[in-house]
Amino acid sequence: MTYDFSSMFSLYDTLNNVMYDYEEDGNENALQQFFHAATAVSPRSQPIGCFDVCEESDAVLEFVRRFYATTPCSGIDDCTDALYLQLEEKIGFSEAEQIDIPTIQRVLEAMDELFSFSRMIHPISISIIDAEMYGRNGESIAVFGNHCSGAIFLYRLWNNFEGKATPASVLLHELGHQLHFCLTGELYKVPESFYGHLENLGADYSDLSNEDLLEVFADTFLLAVIHKTKEFGDPYPEIRDTIKAHCYNYIADQFNGLHFAQI
Ligand SMILES: [Zn+2]
């Protein structure tokens, strides 16, 4: 069987054939064979500071590789099935805006100026996926071992929030997730200090789920950047600049903490 990883759509077609091979033709090893083919080669990437950027088929391979590494499943067969279902339900053709390499470079330069980001945060792979993913503009994950290895996937904009979100602001939100991974060493936890930050703002977070809190943390990073530069757009023009300034001070404190932890 030939496996085609040139785009998310050819990956979906490939998985369709794999499932047919497994279910209709009775090839019990079909899902395992797909897994080995998809993970046999390492994706190529372009280094940009602390980022490794993957495009086209390399971005697709990185997506598959990280899916197997981070999706809680009972085995390779289950995980392959989950991957197939996710693609079936969520990917779509789109001509909406997409991030490009110069924008990623500029975002990193600005982050380095503001927070010495490259020195503080572990290497992060950024994959530019040429497809829409229903329900999200981007996503972040990380694998924790001896060190934390983060991955960001940036899709074509599924929702630009009435023109207020930009590909760069989506990347900044995802970098906010990478910061809480780095601070807590866990995927689904905000730092204890974040509760104090919300209380200082007078925000009532009692009704927020843990998932909501992670999103608010990522947006707090975005608001901190917006306080210093409007270059990447402002998805939250309704939020007062005094609040954005508090967010900047909180995020700058987190980077200072990381700096001292590294000395
Ligand atoms: Zn998020």
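These legends walk through a few close-up views of a predicted model. Residues are numbered from 1 along each chain as its sequence is written. Because this is a predicted model, local features need pLDDT of at least 70 and side-chain atom pairs count only at pLDDT 80 or more, while totals for chains, interfaces and linings use all residues.

Figure 1. Helices (H or I, at least four residues) and strands (E, at least two) are DSSP runs, numbered from the N terminus. Along the principal axes, the C-alpha atoms fill a box of roughly 65 × 40 × 40 Å. The radius of gyration, taken over C-alpha atoms, is compared with a globule rule of 2.2 Å times the number of residues to the power 0.38. For 263 residues a compact globule would come out near 18 Å, and the protein's 19 Å agrees. Of the 263 residues, 38% count as buried. Here, buried means that 20 or more other C-beta atoms lie within 10 Å of a residue's own; exposed means 12 or fewer, and partly exposed is in between, with C-beta atoms placed from the backbone.

**Figure 2. Helix H5 covers residues 101–115.** Its 15 residues reach 21 Å from the first C-alpha to the last, close to the 21 Å expected; that expected span is 1.5 Å times one less than the number of residues. Look for the buried residues of H5: Ile104, Val107, Leu108, Met111 and Phe115. They cover an arc of only 100 degrees around the axis, which puts them on the same side of H5. The arc is that of the directions from the helix axis to the C-beta atoms. An α-helix has 3.6 residues a turn, so residues three or four places apart point the same way. Now find Pro102 and Glu113, which are exposed on the other side of H5. Just after H5, serine 116 takes a positive phi of about 50 degrees.

**Figure 3. Strand E4 spans residues 124–133.** Nine of its 10 residues are buried, so E4 is largely enclosed by the rest of the structure.

**Figure 4. Strand E4 pairs with E2, E3 and E6.** Two strands pair if DSSP finds at least two bridges between them. E2 (residues 51–55) and E4 are parallel, with five bridges, and glutamate 55 has isoleucine 128 of E4 as its bridge partner. E3 (residues 91–92) runs antiparallel to E4, joined by two bridges; here glycine 92 stands opposite glutamate 132. E6 (residues 148–156) runs parallel to E4 with six bridges, and serine 125 stands opposite alanine 151 in E6.
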